[in-house]
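I opened the model today to look up a few local features. My notes follow in the order I took them.

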Amino acid sequence: MTDWVPSEALGRRVLCGTEYATVRYVGSVPPTAGIWLGVEWDDPQRGKHDGTYEGTQYFKCRHPRGGSFIRPNKANFGVDFLTAVKNRYGLNDEQDTQHKTENTLVFGKKTVEFVGMDSIAEQQRQLNQLVDISVCECAVSHVVQKEEISRTCANIRHINLSKNLISSWETVTAIASEVQNLETLNVSGNKMKFPSTSTSVSSVFSKLRVLALNQTAITWTEVLLCAPGWPRLEELYLTSNNIMVLERPDNVLQTLKLLDLSDNQLLDGNQLHLIAHLPRLEQLILRNSGIASIDFPDAGFGCKTKMFPSLKHLAINDNKISQWSSINELDKLPSLRSLQCHNNPFMDTEKNPETLRQLIIAKISQLEVLNKSEIPPAERKGAELDYRKIFGNDWLAAGGNWNPEKNNPSEEFLAAHPRYPLLCLTLTIKCPEKPEQKPVQKKLPESMTIQRVKGLLYRLLKIPGSELKLSYESSKLEGKEVELDNDLKPLQFYSIENGDCVLVRW
């Protein structure tokens with residue numbers, strides 16, 4: 001390397017040994033001679049000052065000791081994309097010889113050779129046949145002769161550009177514009193400058209489904225400015241970007257199914273309300289995002305929120321949630337099936353991990369997987385039964401009563417245990433075909449399947465369960481009947497509530 005400095009070096013990303021930095025100053029630093037680069041290190045421990053030397057401030061750093069001056073010959077400004085691809089996949093003779101020696105592994109005294117590796121190398125030379133390209137940590141910084149990309153790599157669908165020296169989203173766009181069928185793009189680990197005005201809709205990312213922008217220093221505002229250019233995006237990864245404030249996406253990100261905001265310290269749990277109306281969002285990952293509470297104020301006890309209508313999988317590990325009320329709120333999500341919630345303060349309130357798991361299961365009615373472990377029907381039944389036993393005396397003391405006419409638990413109890421009244425439904429059983437038979441009231445857990453209800457009614461009415469046809473009436477349905485036609489579904493599937501009437505026919 002020499003003292004050569006590329007044009008427009010300010011803001012460029014550079015590599016010094018194994019350390020990454022951003023150029024903040026190019027010029028002289030008296031009394032020394034020659035050109036210096038003032039750089040801000042990604043790792044502030046690598047620096048010496050904040051850009052000030054001998055009382056003169058040459059540049060600014062976020063960290064008081066995050067800056068240094070280095071000579072240009074110490075900085076690697078990187079290579080163009082196509083050169084990196086050819087270096088990575090278009091192996092030359094010298095690399096082939098080295099490649100052959102790398103195709104063996106020694107286990108003790110035994111040498112094992114990998115068969116077919118040379119043929120793989122031969123295939124790698126055929127760049128135009130490659131579908132998946134990775135130039136991770138290859139010092140890619142810019143594009144030269146971008147039209148050559150489409151001729152050389154015609155079939156690319158997936159590109160990994162992570163941990164390179166790309167300093168501008170424009171460079172990414174230039175590469176993508178030559179890849180007609182790009183579906184997956186990973187540019188994580190490139191601290192870039194993003195557009196400050198809204199991006200117009202174009203065909204550059206028209207087929208892009210998966211985009212990783214982890215550790216790129218992007219803000220949520222910049223995400224929304226770029227989003228019009230991602231009309232079919234389904235998965236967006238934005239971890240470790242210091243995102244604190246969200247804004248509501250209007251007419252963008254409407255196709256998104258997965259969003260990862262882990263390792264961003266959000267201002268508060270209310271930030272989630274701003275992204276709660278993404279219609280297709282099925283998976284939300286919020287690990288270590290600073291959240292202390294979750295609430296859905298549009299829905300009361302026992303009701304479902306209109307927020308996150310499609311959300312099935314939620315990860316809130318490693319946060320600051322200290323109150324069980326946030327777990328109660330999750331029962332309001334209409335589609336939630338899977339939850340990860342390890343390492344939150346509320347979990348310290350119960351020392352027995354098995355009891356802790358049972359409490360969470362009992363509080364969230366539709367949950368099927370908790371902390372990556374499936375919840376079989378027998379476990380849910382046991383969890384809800386134990387929950388009723390544990391808090392039964394509290395319910396009675398708060399004004400609860402098995403007689404629906406006298407049942408009036410306090411608001412305080414309902415706030416702490418909103419699902420408790422639903423765990424044991426008081427239902428009226430009627431037989432329209434036997435008007436002389438008096439209606440019977442029964443208390444049934446809402447997790448009880450229709451098949452088990454029929455078995456109970458067989459013992460009660462002496463009629464074979466296979467011949468029974470069940471339906472129910474509710475005051476909310478204004479006299480309409482709803483058939484209970486799936487023996488494998490629980491009562492809660494049909495939204496049966498306390499005081500509803502089950503009609504038995506045969």
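In which sense do β24 and β25 pair, and over how many bridges? Strand β24 (residues 469-473) runs antiparallel to β25, and three bridges hold the pairing. I used the DSSP rule that two strands pair if at least two bridges are found between them. Helices (H or I, at least four residues) and strands (E, at least two) are DSSP runs, numbered from the N terminus.

Before going on I noted that this is a predicted model, where local features need pLDDT of at least 70, side-chain atom pairs count only at pLDDT 80 or more, and totals for chains, interfaces and linings use all residues. Residues are numbered from 1 along each chain as its sequence is written, and side-chain values use heavy atoms, with hydrogens and water left out.

**Entry: the five-stranded sheet**

I traced the sheet that holds this pair. Its order is β23-β22-β26-β24-β25, an open sheet of five strands with mixed pairing. β23 (440-444) and β25 (481-483) stand at the edges with a single partner strand each, so one side of each has no neighbour in the sheet. Neighbouring strands are turned by 35 degrees against each other on average, direction ignored. The axes here are lines fitted to C-alpha atoms, for helices over the stretch in contact, and angles run from 0 to 180 degrees between N-to-C directions.

**Entry: salt bridges**

Next I turned to charged pairs. Side chains of opposite charge can pair when their charged atoms come close. My rule was a side-chain nitrogen of Lys or Arg within 4 Å of a carboxyl oxygen of Asp or Glu. By this rule I get 14 salt bridges.

Glu-183 and Arg-157 form one of them, at 2.9 Å from N to O. This pair links distant parts of the chain, 26 residues apart. Glu-183 is in the loop between α5 (169-176) and β13 (184-186), and Arg-157 is in the loop between α4 (147-152) and β12 (158-160). Arg-157 is partly exposed, at 33% relative accessible area. For this I call a residue buried under 20% relative accessible area, exposed over 50%, and partly exposed in between (1.4 Å probe, protein chains only).

Glu-379 and Arg-357 also meet in a salt bridge, at 2.7 Å from N to O. Here two helices are linked: Glu-379 is in α9 (residues 377-397) and Arg-357 is in α8 (residues 353-363), 22 residues apart. Glu-379 is partly exposed at 24%, whereas Arg-357 is buried at 18%.

Lys-454 pairs with Asp-487, with the closest N and O atoms 3.0 Å apart. Lys-454 is in helix α12 (residues 450-461), and Asp-487 is 33 residues away in the loop between β25 and β26 (501-505). Lys-454 is buried at 12%, and Asp-487 is partly exposed at 28%.

**Entry: the loop between β2 and β3**

I then checked the loop between β2 (19-27) and β3 (36-41), where Ile-35 is placed. Pro-31 is in this loop too. The peptide bond joining Pro-30 and Pro-31 is cis, with omega about 5 degrees. Ile-35 is partly exposed, at 38%.

Together with Leu-10 and Val-26, Ile-35 forms a nonpolar surface patch with about 240 Å² of accessible area. Patch members have over 30% relative accessible area and no salt bridge; like charges are joined within 9 Å, and nonpolar side chains (Val, Leu, Ile, Met, Phe, Trp, Tyr) within 5 Å. Areas come from the Shrake-Rupley method with a 1.4 Å probe; for residues, only the protein chains shown count as cover.

**Entry: the loop between β15 and β16**

Is Thr-239 buried or exposed? Thr-239 is buried, at 13%. This residue is in the loop between β15 (235-237) and β16 (258-260). Leaving out residues up to four places away in sequence, Thr-239 touches Asn-214, Gln-215, Asp-260, Ser-262 and Asn-264. Contact means heavy atoms within 4.5 Å.

Leu-253 is in the loop between β15 and β16 as well. Leu-253 is not a glycine, yet its phi is positive, about 60 degrees. Leu-253 is buried at 4%.

**Entry: another positive phi**

Lys-163 also has a positive phi, near 55 degrees, and is a residue other than glycine. Lys-163 is in the loop between β12 and α5. Lys-163 is partly exposed, at 42%.
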